[in-house]
Amino acid sequence: MADGDGCSLPLPLPDGCLFLGFDCSTQSLKATVLDASLAIVAHDAVHFDSELPHYGTEGGVRRDPAEPGRIVSPPLMWAEALDLLLRRLKPRVDYGRVAAVSGSAQQHGSVYWGRGAGAALASLDPARGLAPQLAGAFAAPESPVWMDSSSTAQCREVEAALGGPLALARMTGCRAHERCTGPQIRKMFQTRRGLYDGTERISLVSSFMASLLIGGYACIDQTDGAGMNLMDIETRQLRQDALEATAPDLDVKIGKLAPAHAIAGTLAPYFVQRFQFPSNCLVVQWSGDNPNSLAGLTLSNPGDLAISLGTSDTVFGVTDVPEPSLDGNVLPNPVDPNTYMVMLCYKNGSLTREDIRDRYAEKSWDVFNNLLEQTDPLNGGKLGFYYKEHEILPPLPVGFHRYIVDTLTNGPLAETKEHETDEFDPPSEVRALIEGQFMSMRGHAERCGLPVPPKRIIATGGASSNQAILKTMASIFGCPVYTVQRPVGSSVQVDADKIKSLLFWVAHDVNISRAPVIIFRVFSGSQWVQILF
C-alpha cells in the first residue's frame, strides 16, 4: 500500500508490541526499538564512512572537486544501510512483535527515481539485499543534500519568478535557500536535463526511506515538504506557480502530499519474508529530523524554544500566527494542525565545533570544556565567526573571522572600536566560537518573532550532553536549559527524542490515552535538577 492510502492500527494493541524508529542523518542511519511505555528495548547504528566505505563518503557526503559547493550522497548507501541495520538488530529484537515503523531523515535532500523504479520496489526478492536490486533504480545516482550550496542561480530565478524572496517566503514558508529542494530540482533540470527527463518520481530522503519500507512510492509529508519552496504554507498543497517556476511536469514527479501523522502503508512483503515482521505492520509517514524532534520533545508552548546541536544546528519553536521572514523557515506543526513550527537552520554546527576542538583543544572535549570555563562571559571583547562550510544564516562564504572589541568610554553610551586579528589564544578561541554561535541564534530568533528570552530551552542533539556548552547557552539566552535525561548513552538519547514522535503518530491514529513520562534535566543557576513531565 502506498501514497498515503491509509489504514488503521488494530485495536486493542497486541500485548508486548514494539515500535521501530529510524533516524537517517547525514553521517549515519540509527534505529531504536521502543516498547509501549517508551522504554528503549534495543538500539544500533550504521556509520556510513566507516561501515560502508565503498561509497567513498566523508562525513556521510561527497564533495564534487569539479563544482565548488556541490555536496551529494548516494541514495543506494542509505538503502544498503537499512538492510545492514535490520540484520544487525534481528538477534536482539523479535520483529514479529513490531506494530509500527517510522523514522526521521535529514531534510531537503532529493532522490531521483528512474523509470521502472516503482515496479522494482514492488518486486524485491527477499533472498537478496536491497543494494544489488536497486543499483539501477535511480535516474541520478547521487542526491543533493542540505549541505549543498551550488544552486544560488536557481534560487534567484525562483524568487524572481514568484515576486521576490519575501513574497516567496510568505507563500511557501521560506525564501529560496540553496539547500531547498525546489532550487535543487531546477538545477537538475537545467544542468542534467537527460537525468531529469528520465526521472519517474522525486522523493525527499524521508519519503525515500518510507518508500523502501512499503515497496512503493510513499508521499512526501506536508511538514518535510515545506522545505521545498513548492508547497503553499496555508493550504499545505503544492502551488502550481511554484511548480511551473521550478521545472516542467514536476507535479507528476512529486506526487501527492500527506499529513505527517498519516499511515504510508503496510510493510512490504520483502521485509515480512526477509526479517519476519508481521504482515499488518504499519509504516507511518517519515518526516524531517527537526520536525520529529519538535514532536518527540512535546514542544507545544509558544514560550518555549528547542535547540538541536547536531551536524547542523537548528532553533525551533511553535507559533499560532506565523510571520514568514527572510531568515527562518515556517513549517506546519507535525503534531498540531492548527499551529506552525518556526525554524532557523545553521550549517556550521558540530563539524565546526569539532574542527576548533581539534585545532585548539588537543582533539579532546574535556580539554575543550576546560578552556571554555577558563574564560569569562563575553570573552573580554573577543568575538569570532567560524564558517567551515558556506553558511546559510546569514549567507556567508567559508572563513574564520576574529575581532577584538575595545570599549573606549564607560556608561550607557559607551563608544567601542573593533579590529580584526588572525588568531586568539586557545581559551578565547573556544569561547568565541560557542558564544558567537549562540548570540547568532538569539539575534535571529528574535527577528523571526520567536520568544527572546524564552521561558525555557529544550536542548537536543549530540552536544546537548555537554554541560559546559549548555551553561553558555543558558547564559546567552537568559533562561533555564532542559535536556532529556535517559539511562543510556547520549547517541541513544538523541534518537529516542526523534523516534518518540512515532508514538505521537500512533496515538493520533488510535487514541492511546496514556501519555509518556519524560525526565528532563534543567540547568538553573549553578546546579542541575530533574523534573518529571
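**Entry: the model and its conventions**

I note that this is a predicted model, in which local features need pLDDT of at least 70 and side-chain atom pairs count only at pLDDT 80 or more, while totals for chains, interfaces and linings use all residues. Residues are numbered from 1 along each chain as its sequence is written, and side-chain values use heavy atoms, with hydrogens and water left out.

**Entry: the chain as a whole**

I found 20 helices and 25 strands in the chain. Helices (H or I, at least four residues) and strands (E, at least two) are DSSP runs, numbered from the N terminus. Of the 533 residues, 61% count as buried; buried means under 20% relative accessible area, exposed over 50%, and partly exposed in between, with a 1.4 Å probe and protein chains only. I also looked up contacts, meaning heavy atoms within 4.5 Å. Among those between residues at least 6 apart in sequence, 69% join residues at least 24 apart.

An open sheet is formed by three strands in the order β19-β20-β21, with antiparallel pairing. Its edge strands are β19 (382-387) and β21 (416-421), each of which pairs on one side only. From one strand to the next the twist averages 25°. Two strands pair if DSSP finds at least two bridges between them; β20 (residues 399-407) and β21 are joined by six. Within β20 I located Tyr-403, which stands opposite Glu-420 in β21. Helix α15 (residues 350-360) also lies across β19 and β20, and runs at about 75° to β20.

**Entry: strand β15**

I next asked how many of the residues of β15 are buried. Six of the six residues of β15 (residues 304-309) are buried, so this strand is largely enclosed by the rest of the structure. Asp-304, Ala-306 and Ser-308 point one way, while Leu-305, Ile-307 and Leu-309 point the other way. I recorded two partners for β15. With β22 (residues 456-460), β15 pairs in the parallel sense over five bridges, and Asp-304 has Arg-456 as its bridge partner there. A hairpin of three residues connects β15 to β16.

I examined α18 (residues 467-477) and found eight of its eleven residues buried, so the helix is largely enclosed by the rest of the structure. The buried residues include Ile-469, Leu-470, Met-473 and Phe-477. At the N-terminal end, Asn-466 caps α18, with a side-chain oxygen 3.1 Å from the backbone nitrogen of Ala-468. After α18 comes Gly-478, whose phi is positive, near 70°. Helix α7 (residues 181-191) is mostly covered, with nine of its eleven residues buried; among them are Gln-184, Arg-186 and Lys-187.

**Entry: two single residues**

I looked up Ser-73, which lies in strand β5 (residues 71-73). Ser-73 counts as buried because its relative accessibility is 1%. Its side chain reaches the backbone oxygen of Gly-60 at 2.7 Å. Not counting residues up to four places away in sequence, Ser-73 touches Gly-60, Val-61, Trp-78, Glu-142, Ser-143 and Val-145.

I then turned to Leu-82, in helix α2 (residues 75-89). Leu-82 counts as buried at 0% relative accessibility. With the same exclusion of residues up to four places away in sequence, Leu-82 touches Phe-22, Leu-29, Leu-130, Met-209, Leu-212, Leu-213 and Phe-271. Met-209 is 127 residues from Leu-82 along the chain, yet their C-alpha atoms are separated by 8.5 Å.

**Entry: cavities**

How many cavities of 30 Å³ or more does the model contain? I found two. A cavity is a set of points, on a 1 Å grid over the protein atoms alone, where a 1.4 Å probe fits but cannot get out; lining residues have an atom within 4 Å of a point. Grid points are joined across faces, edges and corners, and a volume is the space filled by probe spheres set on the points. The largest cavity holds about 40 Å³ of space, and its lining includes Glu-323, Pro-324, Val-342 and Cys-448.

How values were computed: Axes are lines fitted to C-alpha atoms, for helices over the stretch in contact, and angles run from 0 to 180 degrees between N-to-C directions. A polar contact is a pair of N or O atoms within 3.5 Å; within protein, one must be able to donate a hydrogen and the other to accept it, and residues adjacent in sequence count only if both atoms are side-chain atoms. On a 1 Å grid over the protein atoms alone, a cavity is a set of points where a 1.4 Å probe fits but cannot get out, and a pocket is an open set with protein on both sides within 12 Å along at least five of seven lines; lining residues have an atom within 4 Å of a point.
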